[in-house]
Amino acid sequence: MQLSALVRPAVLTQPTYEPGKPIETVARELGLDPAGILKLASNENPCGPSPRAVAAATRALAQGELYPDGGCYELRHRLAAVLALAPEQFVVGNGSNEIIELLGHVFLGPGDEVVMANPAFVVYKLVTLLFGARAVEVPLRDWRHDLPAMAAAITPRTKLVCVCSPNNPTGTANGAEELLAFVRALPPHVVAVIDEAYADYLENPPDLRPLLAEGRKVIGLRTFSKIHGLAALRIGYGYAGAELAGLLQRVRQPFNVNAIAQAAALGALEDAEFPARCARENRAGLDQLGAAFTRLGLEQVPSVANFILVKVGDGDGVFRALQARGVIVRPVKSYGLPEWIRVTVGSAAQNERLSGELERVLRGRATA
Ligand SMILES: *Cc1c(COP(=O)(O)O)cnc(C)c1O
């Protein structure tokens, strides 16, 4: 008997996630010195992590023989204090990506539907398909989630509706009022998943807590990977009503979040000045890159996140040419945007290098 005959059908047709290429991989493939490679492909923080987070993680490493607190007691209590919610309203994951998967475990099976935007963060679709459910994709309107169209796409089979604001890969956000009104108008059989991975970069992010106080079926997803610069450690969380958080706790692995990551997250939360500085520097970087793309005559999507979508013609070709020059960006053909690339905002010097290399690549292609 073929092994494949034993496999769940959803696994055989499951698409795979295409990550931004790690620096070491590109160095190996192209014979380049890793030290000279610049990665602006995965929306990582050019400021690194806070020194407080690094110190806390380093201390935790010395007790590496001990299993972590699977319930993340201290972190949930700290988050509860910061957000003025109850500790029971939090679930911590191995990255907020894990929370998306936990939502699948709790809610999704064959016959269920998940409403999401297209293009939006691809993990909603991957998790939906993995659990044998159907992804109902609603095109963006003016690069933003078309919330009225998403509401209209809800059927009796809809379990989840995912809204990513600011959205990846477009960098656009929906307004707070619009977003809250959308959640309030959802039918009672639908859970709203609001992915706030980039909300820390907004000057006035939407506040989901009134929705929780009203007892709405909504979960906010946050991560330490972006503005806290801890992507390597894999830690993020969801906050929701205590009942929903409890269901997600039930389906997680006993020790899903490692102790180093928990300590680093606690250290990061002690340093409120750090994310504020990163957000300020990011805004300056957005202006810098935006101006450079304008100077190059390139169309771009105005971004409020830590990356910009820019139209370069042959996205894959420009991605490869930049990579050969040691700059890794993200092609977005898999998001249905073959003419665009997504570029993470780096430090001032990194942005300068990117725009210089991009100019040389585009000039070379124009004369080729
Ligand atoms: C980066 C990102 C996340 C965070 O993922 P982690 O698993 O926490 O690293 C979540 N949602 C979106 C849209 C992202 O771009």
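## About the model

The model is predicted, so local features need pLDDT of at least 70 and side-chain atom pairs count only at pLDDT 80 or more, while totals for chains, interfaces and linings use all residues. Residues are numbered from 1 along each chain as its sequence is written, and side-chain values use heavy atoms, leaving out hydrogens and water.

## Two domains

Let's begin with the overall layout. Domain 1 is made of 3-36 + 273-367, and domain 2 spans 51-269; these bounds come from an automatic or database domain assignment. Their centres, taken over C-alpha atoms, are 24 Å apart. To the contact (heavy atoms within 4.5 Å), domain 1 brings 24 residues and domain 2 brings 26 residues.

## Where the domains touch

Between them, the two domains bury about 2,200 Å², with 68% of it on carbon and sulfur atoms. Buried area here is the accessible area (1.4 Å probe) that two parts lose on being put together, summed over both.

What does the rule find across this interface? There is 1 salt bridge, meaning a side-chain nitrogen of Lys or Arg within 4 Å of a carboxyl oxygen of Asp or Glu. There are also 8 residue pairs in polar contact, both at pLDDT 80 or more. A polar contact is a pair of N or O atoms within 3.5 Å; within protein, one must be able to donate a hydrogen and the other to accept it, and residues adjacent in sequence count only if both atoms are side-chain atoms.

On the side of domain 1 that touches domain 2, helix 12 (273-295), strand 10 (307-311) and strand 13 (340-344) each supply at least two residues. Helix 12 gives the most, with 6 residues. Helices (H or I, at least four residues) and strands (E, at least two) are DSSP runs, numbered from the N terminus.

## Two cis peptide bonds

Now follow the backbone. From N118 to P119 the peptide bond is cis, with omega near 0 degrees, and P119 sits in the loop between strand 3 (113-118) and helix 6 (123-130). Another cis bond runs from S165 to P166, with omega near -5 degrees. P166 belongs to the loop between strand 5 (158-164) and helix 8 (176-184).

## Positive phi

N43 is not a glycine, yet its phi is positive, near 60 degrees. Is N43 buried or exposed? At 1% relative accessibility, N43 counts as buried (under 20% relative accessible area; exposed is over 50%, partly exposed in between; 1.4 Å probe, protein chains only).

C72 also has a positive phi, near 50 degrees. C72 lies in the loop between helix 3 and helix 4 (73-83), and is buried with a relative accessible area of 1%.
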